[in-house]
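User: Could you take a close look at the aromatic rings for me, and at what lies around them? I'd enjoy one connected walk-through, with the cut-offs given as you go.

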Amino acid sequence: FAISQHRGFDPKGLTKSFLKRRRTFSPSTRWPTVVYLRVNEPGDAWSLTAGGDDGNDENVLLDLGLTMEYQLTTPKSTFDARFLQKDEEADPPDLEKEGLAYRFLKVGRTMMRSQLDAIHRGEVFDVKTRAVFDIRHNITDYENQRKYRITRILGQGPSYELEIYEMMRNAFMKYGLQAKIGRMDGVIVAYHNTAEIFGFQYIPLEDMERCIYGGMEAADVAFDLSIQMLEKIMDLLTK
């Protein structure tokens with residue numbers, strides 16, 4: 001945010017009703033997060049690992065997202081055998097994926113990796129599952145929000161346009177960074193209410209970077225500067 005001087009996102013492509021709404025990023029993009037820093041020896045290699053979950057109901061969406069990714073990227077017979085258990089007393093299926101594929105990216109002295117979900121005609125892309133508006137904003141009561149359905153393309157109500165606007169505010173930044181690190185073409189989003197999938201949308205990386213940074217060149221500059229800042233912070237912490 002400091003690098004961009006707190007620039008808002010560009011809602012280009014949305015209808016006039018959304019152009020009048022605020023263009024600031026949602027508070028969740030600014031919340032502090034927990035990571036684990038591991039250092040071999042002072043001045044030696046270090047690594048950052050995302051912190052664990054906090055046990056709240058949002059994990060319902062995290063676990064469901066992993067399951068849905070399996071459903072969307074594996075043959076039906078494989079998915080059914082692993083997840084559709086007839087024995088209610090059986091142990092829950094292990095959500096840890098097998099045979100994961102990654103791409104690595106080195107910028108400066110920093111090595112990063114991004115998990116790859118799918119490839120089509122030579123283009124690699126990520127698979128994202130996106131709970132609809134009412135589910136995300138009422139996560140502790142998600143079971144009673146399943147009646148919410150996307151009913152139209154455009155408009156302020158339960159529409160795909162509303163979901164896109166929300167992603168501009170709180171998801172494009174994260175999705176874009178994951179795609180950039182993995183040198184992906186974009187992401188495919190599956191909209192759902194935890195009980196039903198309403199549709200899919202493919203979003204190219206170029207569109208996300210235009211929305212967040214103003215273009216791919218500006219996104220490259222912001223990315224490089226962010227890595228430089230990270231390295232300086234890590235140097236101070238690992239002296």
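Analyst: Happy to! Let's start with Arg 113, which lies over the face of Tyr 102, 4.1 Å from the ring centre; a charge sits over a ring here if NZ of Lys or CZ of Arg is within 6 Å of the ring centre and within 35 degrees of the ring normal. Before going further, please keep in mind that this is a predicted model, where local features need pLDDT of at least 70 and side-chain atom pairs count only at pLDDT 80 or more, while totals for chains, interfaces and linings use all residues. Residues are numbered from 1 along each chain as its sequence is written, and side-chain values use heavy atoms, leaving out hydrogens and water.

Lys 180 is placed over a ring too: Phe 223 has this lysine over its face, at 6.0 Å from the ring centre.

Now for rings meeting rings. Phe, Tyr and Trp (its six-membered ring) pair if their centres lie within 6.5 Å, and planes under 30 degrees apart are called stacked, over 60 edge-to-face and the rest tilted. By that rule there are six aromatic pairs. One of them joins Phe 9 to Tyr 165 in an edge-to-face arrangement, with 5.9 Å from centre to centre and 65 degrees between the planes. This pair bridges distant parts of the chain, since Phe 9 sits in the segment before α1 (16–19) and Tyr 165 in helix α5 (residues 160–170), 156 residues apart. Phe 9 is buried, with a relative accessible area of 2%, and Tyr 165 is buried, also at 2%; buried means under 20%, exposed over 50% and partly exposed in between (1.4 Å probe, protein chains only). Through ring pairs, Phe 9 and Tyr 165 belong to a cluster with Phe 18 and Phe 25.

The Tyr 102 ring, where we began, pairs with Phe 104 in a tilted arrangement, 6.5 Å centre to centre with 50 degrees between the planes. Tyr 102 is partly exposed at 28% relative accessible area, and Phe 104 is partly exposed at 47%.

Helices (H or I, at least four residues) and strands (E, at least two) are DSSP runs, numbered from the N terminus. The sheet is open and mixed, with four strands in the order β5-β6-β7-β8, where strands pair if DSSP finds at least two bridges between them. Its edge strands are β5 (118–120) and β8, each pairing on one side only, and the twist averages 30 degrees from one strand to the next.

Helix α5 lies across β6, β7 and β8, running at about 125 degrees to β7. Helix α6 (residues 172–181) packs on the sheet as well, touching β6, β7 and β8, with its direction at about 155 degrees to that of β6. Contact means heavy atoms within 4.5 Å, and angles run from 0 to 180 degrees between N-to-C directions of axes fitted to C-alpha atoms, for helices over the stretch in contact.
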